Amino acid sequence: MDSPILILTNARLAPGFDARPGAVAIQGGRILWAGPMADLPAFPGAERRDLQGRIVTPAPIDCHTHLVHGGHRAREFALRLEGASYEEIARAGGGIVSTVAATRAASEDDLVAQALPRLDALLAEGVAVVEVKSGYGLDIDTELRMLRAARRLGRLRPVRIVTSFLGAHALPPEAAGNADEYLSDICLPALRAAHAEGLVDAVDGFCEGIAFSPAQIARVFDAARAFGLPVKLHAEQLSHLGGTALAARYHALSADHVEYATAADAALMAAAGTTAVLLPGAFYALRETQLPPIAAFRAQGVPMAVATDANPGTSPLTSILLAMNMACTLFRLTPDEALRGVTEHAARALGLTDTGRLAPGLRADLAVWNVTDPAELAYRIGFNPLHSRYFEGQEC
């Protein structure tokens, strides 16, 4: 017997906003049909739900987070206000390394319990897919523990969790000055173990002067390729080190941050099909002044995703709506670009082809908003207009 059909009627559909009343038909957790109500096919026996003119979008996707970690770094926030730079804090044993200590001390249950409130904040704004990275363990046991905790989040809440292995995030104190040995002895064995346990959907790295060189990241990417895993990269956040070109060479799903990327990098990304993930929360928190090459991305047709970069040090942000506002205000994206950045382009940044758009056959992960214009989603600050959220066709 066919599963029942639910039709959301008297809606307005976005992106591609159309002022005419629209409808979305859902069956078996998938979109069966979407379009103007005037063209709605007959679906005998379907349940109808009147949305009274509300706007429906694909459920937002947060395609870059560090949601699982121990502790916080509020003191470093104060240090930055006193004038310390990100690099100075990192080289003095703060930054990522301080979170490593807190994360290593946390059990899997602790990591899940600490991550759930952060996840719930995202879900309250309609988010249906969240990417979660490892990278705060920097030893084999803790990297695996972080990824197991991330997988558990997807069993505890109605959300799709996509994991990225980020063993090449920083050097732990015990490996200071020995990056190549760390990769050989810890990072690559941890990746092998995580892949064998089915914990990894993609492989990430931090290509920066305070982290790993392009040649070192290439070793990690070669291992990912051997396992058949896609790659992505923190690239050109603090300087131009060549990470974006490396990401393009490996046909990475995404290059993230990219403040110091160039027009030439944009051309390479376009040719490789690599999405630019913009992270305005980190730009804001670090008081960065170097803007990503937005005009070059537009000119080259590089898709631009937007994400929170939720992390304890440089982007303690768990609001996808505020990330949209920041992308518009700080980077001058249009509201439509910001909305596409957290829907279809965010899906692309994760290699997902079954979500992020209102199209037949895709997952019925939807957000219904109490707004009259989709631009309101990026325009308002500190206001959540979510009316309801659908995950695989079920209101939740």
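This is a predicted model: local features need pLDDT of at least 70, side-chain atom pairs count only at pLDDT 80 or more; totals for chains, interfaces and linings use all residues.
If residues up to four places away in sequence are set aside, T244 touches A235, E236, A255, V258, A261, D265 and M269.

## Two helix pairs

Two packed helices are described by the angle between their axes and the distance between the axes. For helix α6 (residues 179-196) and helix α7 (residues 214-226), the axes come within 11 Å and cross at roughly 20 degrees. Angles under 35 degrees count as roughly parallel, and α6 and α7 are therefore roughly parallel to each other. The crossing in which α6 passes α7 is right-handed. On the side of α6, the contact is made by A179, D180, L183, S184, C187, L188 and L191, while α7 contributes Q216, R219, V220, A223 and A224. Sorted by class, the residues of this contact between α6 and α7 are eight nonpolar, two polar and two charged.

The second pair consists of helix α4 (residues 108-123) and helix α5 (residues 140-156), whose axes come within 9 Å and cross at roughly 50 degrees. The residues that make the contact are E108, D109, L111, V112, A115, L116 and L119 of α4, together with R145, M146, R148, A149, R152, L153 and L156 of α5. By class, the contact of α4 with α5 holds nine nonpolar and five charged residues, with no polar ones.

## The nonpolar core and V203

The largest nonpolar core has 97 residues, and those that touch the most other members are V68, V130, V200, V203 and F297.

## An exposed glycine

G228 lies in the loop between α7 and β10 (232-235). With a relative accessibility of 63%, G228 counts as exposed, because the cut-off for that class is over 50%. Although G228 and H195 are 33 residues apart in sequence, their C-alpha atoms are 9.9 Å apart in space.

## Backbone details

A cis peptide bond, with omega at about -5 degrees, joins A14 and P15. P15 is found in the loop that runs between β1 (5-13) and β2 (22-27).

Two residues other than glycine have a positive phi, namely N10, where phi is near 55 degrees, and E392, where phi is about 50 degrees. N10 is found in strand β1, whereas E392 is found in the loop between β15 (386-391) and β16 (394-395). N10 has a relative accessibility of 27% and so counts as partly exposed, and E392, at 40%, likewise counts as partly exposed.

Definitions and conventions
Residues are numbered from 1 along each chain as its sequence is written. Side-chain values use heavy atoms; hydrogens and water are left out. Contact means heavy atoms within 4.5 Å. Axes are lines fitted to C-alpha atoms, for helices over the stretch in contact, and angles run from 0 to 180 degrees between N-to-C directions. Helices (H or I, at least four residues) and strands (E, at least two) are DSSP runs, numbered from the N terminus. Angles under 35 degrees count as roughly parallel, over 145 as roughly antiparallel, 65 to 115 as roughly perpendicular and the rest as oblique. A crossing is left-handed if the near helix is turned anticlockwise from the far one by less than a right angle, and right-handed if clockwise. Ala, Val, Leu, Ile, Met, Phe, Trp, Tyr, Cys and Pro count as nonpolar, Asp, Glu, Lys and Arg as charged, and the others, Gly among them, as polar. A nonpolar core is a set of buried Ala, Val, Leu, Ile, Met, Phe, Trp, Tyr and Cys residues joined through side-chain atoms within 4.5 Å. Buried means under 20% relative accessible area, exposed over 50%, partly exposed in between (1.4 Å probe, protein chains only).
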